[in-house]
Amino acid sequence: MRDDSDTIFAQATPPGRAGIAVIRISGRRAFAAPGLFGCKLPLPGRFCVTKLIDGDGGKLDEALILAMKGPKSSTGEDIVEIHAHGSLAVTAAIMRRLGEAEGFRPAGPGEFTHRMFANGKIDLLGAEALADLIDAETDRQRLQAWRQRDGVLHRPVDDWREALVRLAAQLEAAIDFADEELPADITTRIHADTKALADAMAMVLDDDHEGERVRAGVTVSLVGPVNAGKSTLLNRLAGRNVAIVSSQAGTTRDIVSVRIDLDGVPVTLLDTAGLRDTDDMIEAEGVRRARNAAREADAALLVIDSSSPGWRDELAQLQDLAGPSQAVLLTKRDRLNVDAIPGVTRELTAIADTARLISLESDTDGGGLEQVLDLLRGLVVPVNRPETQTIITRARHRHALARAMEALRAADALDLGSVPELAAEEYRRAADSLGRLTGQVDVEELLDSIFSSFCIGK
Ligand SMILES: Nc1nc2c(ncn2[C@@H]2O[C@H](COP(=O)(O)OP(=O)(O)OP(=O)(O)O)[C@@H](O)[C@H]2O)c(=O)[nH]1
Ligand SMILES: [Mg+2]
């Protein structure tokens, strides 16, 4: 990050034509910014509507100007906002004027939020949550971001750090006794408390990665033999004709991807080339990509034509190919002889409870699609878990928490009577990991990677 003593400015609204563009200015000289445009500074907490004058004395725009006094402002510094007309020419002229002024410079990505952090207005979890809020596309992502911003992980981490301090104090007492016979009840209590703390963390970690899935989304590949109905399925799930459907085997060559909102989880569906041996070089490349997608996606829907005599073998091959998270769809139910349906259904139930016999092409009442959505939900959104329990939303949180938990387990495995110093070292490791979560220790490296993911003006 660059010099924190500079006054920074950036357009907070997206670039391009718009009704209004907001330019934010934060830092020691922010309150001098209106003067650069020949305007007076409004009283802090107030706004004024005023004419902006450019360097040649000409009229630049009419704008609304807000002033917020630090340290109570969002960045903790003096802030001025100029709400100008959202024209490329107006915003360019304002930015140019600010850029020429002594002590002012354009903000880097995430620099406003970095200043919030540096001035103690927000912790690392809060900064990440703000980034998530800005990126949120679904209601569930939005709610999750606000839960994180409001401290759903911060609160337990604070409690755990306090508990660690208490444990360290008890251990100190134990070390003071080291030369004597150590009262058994002290070590028993420390062991019990250590285990309880590690168990509490384990419970939080055991969440099927739900928070990360909601935040980052899930990729599901549709894979199967040619002509099985994969593209038909993709189009039905997307609600529009994204992929070409035809009765010709080998229609889809490349991967066609579509993003849908499944109960608030962004799901990227990948339609793939039908799997078959082929001499056609382009189709063979498509098949190679399809196989990769089957293996590498978070989950796979195995799509097979139920009227194909070899469906059982086809299914077995696909089950081997795809990763562990998979569900089976036998399509073209309408093509089966009515008498055969109960038998096939029974067979499918025996194979897996994540297998359905469906028809989409002739599906007039939407029954087939509902069954597919149910299957997808099972693959994508962990069931039986109240949403509010999930408090980990990034891999970074998971690693830090897992390290803290491992340190506590290691401490618990030690003989506290003979090597209390080693246990103290494990508690320090645990506290350090928790500190990294909220940004209370040695986080410069982390900061750069987190704040650089922000857009400029945030
Ligand atoms: N009768 C019936 N026909 C279906 C059903 N689903 C798909 N079809 C038809 O099956 C044919 C193949 O469908 P696609 O969706 O193109 O199949 P695909 O798996 O994408 O095929 P490739 O891209 O060639 O691998 C088309 O003629 C569809 O209209 C169904 O449930 N019932
Ligand atoms: Mg296709």
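Helix 7 and helix 14 pass each other in a left-handed crossing, a crossing being left-handed if the near helix is turned anticlockwise from the far one by less than a right angle, and right-handed if clockwise. The contact involves His191, Thr194, Lys195, Leu197, Ala198, Met201, Ala202, Val204 and Leu205 of helix 7, together with Arg398, Leu401, Ala402, Ala404, Met405, Leu408, Arg409, Ala411 and Asp412 of helix 14; two residues are in contact if their C-beta atoms, placed from the backbone, lie within 7 Å. By class, the residues of this contact comprise 12 nonpolar, 2 polar and 4 charged, where Ala, Val, Leu, Ile, Met, Phe, Trp, Tyr, Cys and Pro count as nonpolar, Asp, Glu, Lys and Arg as charged, and the others, Gly among them, as polar.

The model is predicted, and local features need pLDDT of at least 70, side-chain atom pairs count only at pLDDT 80 or more, and totals for chains, interfaces and linings use all residues. Residues are numbered from 1 along each chain as its sequence is written, while chains are lettered from A and ligands numbered from 1 in the order in which they are written.

The axes of helix 7 (residues 184–205) and helix 14 (residues 395–413) come within 9 Å and cross at roughly 155°. Axes are lines fitted to C-alpha atoms, for helices over the stretch in contact, and angles run from 0 to 180 degrees between N-to-C directions. Helix 7 and helix 14 are therefore roughly antiparallel, given that angles under 35 degrees count as roughly parallel, over 145 as roughly antiparallel, 65 to 115 as roughly perpendicular and the rest as oblique.

A further helix pair was examined. The axes of helix 4 (residues 124–135) and helix 5 (residues 139–149) come within 8 Å, with a crossing angle of roughly 165°, which makes helix 4 roughly antiparallel to helix 5. The crossing of helix 4 and helix 5 is left-handed. Helix 4 contributes Leu125, Gly126, Ala129, Leu130, Asp132 and Leu133 to the contact, and helix 5 contributes Gln141, Arg142, Ala145, Trp146, Gln148 and Arg149. These residues divide into 6 nonpolar, 3 polar and 3 charged.

In the chain as a whole there are 16 helices and 12 strands; helices (H or I, at least four residues) and strands (E, at least two) are DSSP runs, numbered from the N terminus. The radius of gyration is 30 Å, well over the 23 Å that the globule rule gives for 458 residues, so the chain is more spread out than a compact globule. This radius is taken over C-alpha atoms, and the globule rule is 2.2 Å times the number of residues to the power 0.38. The C-alpha trace spans about 85 × 80 × 40 Å along its principal axes. Buried residues account for 38% of the 458 residues; a residue is buried if 20 or more other C-beta atoms lie within 10 Å of its own, exposed if 12 or fewer, and partly exposed in between, with C-beta atoms placed from the backbone.

In helix 9 (residues 230–238), the buried residues are Lys230, Ser231, Thr232, Leu233, Leu234 and Leu237. They pack against strands 7, 8, 9 and 10 and against helix 13.

Most residues other than glycine have a negative phi, and most peptide bonds are trans. Asn227, in the loop between strand 7 and helix 9, has a positive phi near 70° and is buried. The peptide bond from Gly70 to Pro71 is cis, with omega near 5°.
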